[in-house]
Amino acid sequence: MKTSVKKLVTAVSASVALMGAGHAAAEIKIGIAGPVTGPVAQYGDMQFSGARMAIERINADGGVNGEMLEAVEVDDVCDPKQAVTVANRLVNDGVRFVVGHLCSSSTQPASDIYEDEGILMVTPASTSPDITERGYELVFRTIGLDSMQGPVAGNHISSLNPERVAIVHDKQQYGEGIATAVRDTLKDAGVEVALFEGITAGDKDFSSLVTKLKQADVDYVYYGGYHPELGLILRQARQADLDAIFMGPEGVGNKDINTIAGDAAEGLLVTLPPAFDEKAENQDLVKAFQDKGEDPSGPFVLTSYTAVQLIAEGIEQAGSTEPFDVAAALRSASFNTPIGTVEYDEKGDMKSFEFVVYEWHSDGSKTPVN
Amino acid sequence: MQDLLYFFQQLINGLTIGSTYALIAIGYTMVYGIIGMINFAHGEIYMIGAYTALIAITGLAALGIAWLPVILIVALVCAMIVSSSMGWAVERVAYRPVRGRHRLIPLISAIGMSIFLQNYVHLAQGSRNIGFPALIEGGFRFGSADSFQTSISYMQITIFITTLVCMTLLSLFISRSRIGRACRAVSQDLGMANLLGIDTNRIISATFIIGAALAAVAGLFLGMYYGSIDPLFGFIAGLKAFTAAVLGGIGSIPGAMLGGLILGVAESMTSGYLSGEYKDVVSFGLLILILLFKPTGLLGKPEVEKI
């Protein structure tokens, strides 16, 4: 009896070990961490759809050095606490490459964990400069920085010769960071910033703020934050006859703002990454998305696609799945991606990334300004 | 003159939001008054009321009915029915089995219920913000067109009047009707009321149903006023309404009204004159001050040795 138990245990553990070995040889796990639920889940949809497409296409082409990519998807709800939990889960699952997170406030705490555990992270959406300011070796992004986006917005507003500008933000890392950059740019240009104020994300009532904007008689309002709040501000401003022009970062530029703000979204200015899906060389990829019934036009779809592609190409160039080798490969070469040629500096930021000003319309479409 | 108009505008903003806090606060205060527990799932009942109203409005629009009074009444009735049955069911499922145990147990049960309902709506309706059609548009304007104008929208007036009507009806109901009298008896002494032949279970259910129905009214009007709803917004509104209830004196219905209005005005004045960032600091600071100097709240009666 005793021996048979022993035999059984040996057999089982041997087979487990074999299974484990077989598994590791065939697959490279790519963690995709972003909001699947929560108020900004639509950005998560963009991220997941882009990353999944990249994994599918890379696998269809025979994988990376013969190994298949496998997605491990986790939901961080864009909540910093949740981000830490899911980051730990990815560590436990043995993931060594992560595409994520989306919100800067989630990316920051999660990246601490990844750096400590030797996991390479590429965020397709977090624009806060702080994320790459800490000298981390394994943190990359496929998007520009607030410090690039803020000046674009600020310069655009000052080129319109405003009399008075108000800047409102949602007190979160992303919103306040970008709002501060806009304010500094405007001040340098000699434009009067009449109001610089925070609101609480998740609030529904902005009547006091709108009244204040009306009282301050501003002609432009810059909002640093996401669309749920700006949508309501636009709508309530319209109801109170505030006739200022609003502008926001790419966090407000998605079609959900139209369902909230309705007609009041007409004429909103948004800084967005250039429309990668309109580039001629991406049409093949765009068609692949459309065949799947997905929309490649969201700001984070192709950046997420690129994040996966960069990880794959980095592994190929490094010839290993050791994140530090891959990081070195990413820093040393330049890559041809759907979002253009990507080159990284020491901090893990792209050497160049362009933002464009768009005018938003009440039917959810957008036209470039200038 | 300009400053005065500005002040009035902020006052109107504050009174509008305050009256909806009051409508929600009623649910907290009535339940507390009768069984001495805090129904943390009440904010979710309010949120469900708003969702139901939106579904009803969308349904009517699909049927091609566009006459405003019909839409409002149908949406209101649907929201009240669904919210009331939810309120009733929550009490039956989560509170009645643990009633009379240690105070913490129903509290935890309530928090659990709140999380359950929130996530249920998350799954059933999605987590995104959903736009709510503004059915009542337009308003009055005061002041000259080239400087600051005070505007009162018809929506704000509707909200204010609806709250007043609801509150008056509720006060009459509590002070005049048979069930109202039974409510007061149960709130004074549950055990004794039971001995005297009052069906206390029925009265407690009635309390939950009334509170939920008022929350549904608030849900419909706030949805229209703000313009979007999401599964989490009941939680935040519930927290504010609960504060209003405590501020006015939990257990007291006029207290809920007063607490709601004070909280609303304090919030809008703070964002109007100081900064929106200090809004919650001031409103919750106010709560702490009142609890320090008058622990029973503004209109609350001192606790008469309740067991």
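How many cavities of 30 Å³ or more does the rule count? I got three cavities of that size. On a 1 Å grid over the protein atoms alone, a cavity is a set of points where a 1.4 Å probe fits but cannot get out, while a pocket is an open set with protein on both sides within 12 Å along at least five of seven lines; lining residues have an atom within 4 Å of a point. Grid points are joined across faces, edges and corners, and a volume is the space filled by probe spheres set on the points.

A note on the basis: this is a predicted model, where local features need pLDDT of at least 70 and side-chain atom pairs count only at pLDDT 80 or more, but totals for chains, interfaces and linings use all residues. Residues are numbered from 1 along each chain as its sequence is written, chains are lettered from A and ligands numbered from 1 in the order in which they are written, and side-chain values use heavy atoms, with hydrogens and water left out.

**Largest cavity.** I found about 160 Å³ of space here. Its lining has 15 residues, and A:Lys204, B:Tyr21, B:Tyr226, B:Ile236 and B:Ala237 are the closest to the centre. I saw that α9(B) gives the largest share of this lining, four residues. (Helices are DSSP runs of H or I with at least four residues, strands are runs of E with at least two, and both are numbered from the N terminus.)

**Second largest cavity.** This one has a volume of about 140 Å³. Of its 17 lining residues, A:Asp203, A:Asp205, A:Ser208, B:Ser271 and B:Lys279 lie nearest the centre. Here α10(B) gives the most, with four residues.

**Second largest pocket.** I noted about 880 Å³ of space in the second largest pocket. Its lining has 34 residues, with A:Gly38, A:Pro39, A:Val77, A:Cys78 and B:Leu232 nearest the centre. Where does it lie? Domain 1 (3–143 + 278–338) and domain 2 (147–272 + 355–368) of chain A both give residues to the lining, so the pocket lies between them. The domain bounds come from an automatic or database domain assignment.

**Chain A as a whole.** I counted twelve helices and 14 strands in chain A. Its C-alpha atoms fill a box of roughly 85 × 45 × 40 Å, taken along the principal axes. Of its 370 residues, 57% count as buried, meaning under 20% relative accessible area with a 1.4 Å probe and protein chains only.

Notes: Buried means under 20% relative accessible area, exposed over 50%, partly exposed in between (1.4 Å probe, protein chains only).
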